Amino acid sequence: DDGSSSEGKAFVWVTSEDPIEPQLQPGVDDAQIIQRYVLAVLYHATNGEGWDEGAWLASSNECDWYGVTCSNSMVTSLWLFSNNLSGTIPSELG
């Protein structure tokens with residue numbers, strides 16, 4: 001992947017641009033890293049820059065992002081109705 005796909009953009013973001021502090025550590029924070037990656041894929045696959053609401057890909061915990069519901073720090077649902085999403089829901093959400 002040359003980084004232009006939704007998956008490639010999400011990979012670059014989660015490995016080198018994610019502003020979360022303290023930085024997540026592979027081998028320690030794997031579940032959160034994967035969760036942030038999958039949400040970043042959704043963001044890029046559905047034109048996140050054009051969404052009406054929400055500050056995704058932010059330094060805050062992903063459970064605090066607009067439309068994200070979590071239980072025990074794990075995403076359990078997304079509510080992005082009427083948020084101007086366009087594109088295809090990625091298989092990573094499956």
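Q: A crossing of two helices is right-handed if the near helix is turned clockwise from the far one by less than a right angle, and left-handed if anticlockwise. Is the crossing of α1 and α2 left-handed or right-handed?
A: Welcome to this structure, which is a predicted model. Here α1 passes α2 in a right-handed crossing.

Q: Which residues make the contact between α1 and α2?
A: Contact means heavy atoms within 4.5 Å. On the α1 side the contact is made by S6, E7, K9, A10, F11, W13 and V14. On the α2 side I33, R36, Y37, A40, V41, H44 and A45 take part. By kind, the residues of this contact divide into nine nonpolar, two polar and three charged.

Q: Which residues of α1 are buried, and what do they pack against?
A: Buried means under 20% relative accessible area. In α1 the buried residues are S6, G8, A10, W13 and V14, and they pack against α2.

Q: How do you know that C63 and C70 form a disulfide?
A: Their sulfur atoms are 2.1 Å apart, and the cut-off for a disulfide is a pair of cysteine sulfur atoms within 2.5 Å. The pair C63 and C70 therefore meets the definition. The structure holds one disulfide. In general, a disulfide is a covalent bond between the sulfur atoms of two cysteines.

Q: What is the hand of the disulfide between C63 and C70: left-handed or right-handed?
A: The torsion about its S-S bond is about -90 degrees, so this disulfide is left-handed.

Q: Why is C63 called buried and C70 partly exposed?
A: The relative accessible area of C63 is 19%, and the buried class takes values under 20%, so C63 is buried. For C70 the value is 25%, which lies between the 20% and 50% cut-offs, so C70 is partly exposed.

Q: What makes S82 and N84 stand out in their backbone?
A: S82 has a positive phi of about 55 degrees although it is not a glycine. N84 also has a positive phi, near 65 degrees, and is a residue other than glycine. S82 lies in the segment after β2, the strand of residues 74-78, and N84 lies in the segment after β2 as well. At 58% relative accessibility S82 is over the 50% cut-off and so counts as exposed, while N84, with 41%, is partly exposed.

Q: Why does Q23 count as exposed and G54 as partly exposed?
A: Q23, in the loop between α1 and α2, has 54% relative accessibility, over the 50% cut-off, and so counts as exposed. G54, in the loop between α2 and β1, has 47%, between the 20% and 50% cut-offs, and so counts as partly exposed.

Methods
Residues are numbered from 1 along each chain as its sequence is written. This is a predicted model: local features need pLDDT of at least 70, side-chain atom pairs count only at pLDDT 80 or more; totals for chains, interfaces and linings use all residues. Side-chain values use heavy atoms; hydrogens and water are left out. Buried means under 20% relative accessible area, exposed over 50%, partly exposed in between (1.4 Å probe, protein chains only). Helices (H or I, at least four residues) and strands (E, at least two) are DSSP runs, numbered from the N terminus. Ala, Val, Leu, Ile, Met, Phe, Trp, Tyr, Cys and Pro count as nonpolar, Asp, Glu, Lys and Arg as charged, and the others, Gly among them, as polar.
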